[in-house]
Amino acid sequence: MNLEAAMRLAIEQSDRVKGATYPNPPVGAVILDSDNDVAGVGATEPPGGPHAEVLALRRAGERAVGGTAVVTLEPCNHHGHTPPCVDALVAAGVSAVAYAVADPNPVAAGGASRLADIGLEVTAGVLADQVAGGPLREWLHKQRTGQPHVTWKFATSVDGRSAAADGSSQWITSEAARADVHRRRAVADAVLVGTGTVFVDDPLLTARLPDGSLAERQPLRVVVGEREISSEAKVLNDDSRTMVIRTRDPHEVIKALSDRTDVLLEGGPTLAGAFLRAGVINRILAYIGPILLGGPITAIDDVGVLSIAHAQRWRFDGVESIGPDVLLSLVPN
């Protein structure tokens, strides 16, 4: 197995634990033996548990000697709840280490340099874009900015309508698209809506499995706005924790959620417009159903654009089919 194939396997491991490792990153690791065959794989366990490299080395055993460690993030070089991963790699006798992205945390960084100084062959940047835009996207953003990563998710018809003229919106997209949303909720730290959405849709905002049961991990449900919501609102039930933030200022919301990493904005057009005007949305996920609705109910309200010259410019970083629908992923240009 070459380094890129091994890194793809490490990315799969990283994806598997995404949402369960905070404040540690969801790292994946693969140990190749001296013949470049897979000897062990691992992913970061919840806080207090071993890191990905340690688990992969345990599973590789003696086959790690003279082998290669392939890791999605530069191995850590500090002693936190667990010893440095560089120590484990050296003790296991690997001869080479390949990683995708450097650790932006100055406390943990430096592992690559230390390994190279010891005499190991170190390769950086293997499938870096796929890792940085994939399982480590939100964690890297939090490390670099100190703020949670905010993704605005919405479903719309081909002509940009979020509901028909009578307000009905179930269902614009397919069951497959809705299942994908629930999967993303299950790995998010928080799901955010405005009071208007609570009044109109009375959503649960839980992550559910295809059979309708609750997923093992649930995000924090967050309701934003100055109006009181009913004590009987579904979002206040016991399925998950709920935070009500009495403000309409997106910056105050971000501050209130500063201990979170991955925030999913599912609010209606008013809340989405406010967050876009404030410049605090880091990614857009648009689920487009192959239907036409017309009418006045659009996916977003005013974002402060008066002319095409002042349009917000985004770029695509992913396009995929989900059942009959299309999912567009966009990031700031």
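Colleague: Which residues lie nearest the centre of the second largest pocket?

Modeller: A word on the model: it is predicted, so local features need pLDDT of at least 70 and side-chain atom pairs pLDDT 80 or more, while totals for chains, interfaces and linings use all residues. Residues are numbered from 1 along each chain as its sequence is written, and side-chain values use heavy atoms, without hydrogens and water. On a 1 Å grid over the protein atoms alone, a pocket is an open set of points with protein on both sides within 12 Å along at least five of seven lines, and lining residues have an atom within 4 Å of a point. Here 25 residues line the second largest pocket, and Lys18, Gly133, Gly134, Arg184 and Arg283 lie nearest its centre.

Colleague: What is the volume of that second largest pocket?

Modeller: About 620 Å³, counted as the space filled by probe spheres set on grid points joined across faces, edges and corners. Its lining divides into 9 nonpolar, 6 polar and 10 charged residues; Asp, Glu, Lys and Arg count as charged, Ala, Val, Leu, Ile, Met, Phe, Trp, Tyr, Cys and Pro as nonpolar, and the others, Gly among them, as polar.

Colleague: How many cavities of 30 Å³ or more are there?

Modeller: A cavity is a set of points where a 1.4 Å probe fits but cannot get out. The whole structure has 1 of 30 Å³ or more. The largest cavity holds about 140 Å³ of space, and its 14 lining residues include Lys18, Gly19, Pro26, Asp189 and Thr261, nearest its centre. That lining has 6 nonpolar, 4 polar and 4 charged residues.
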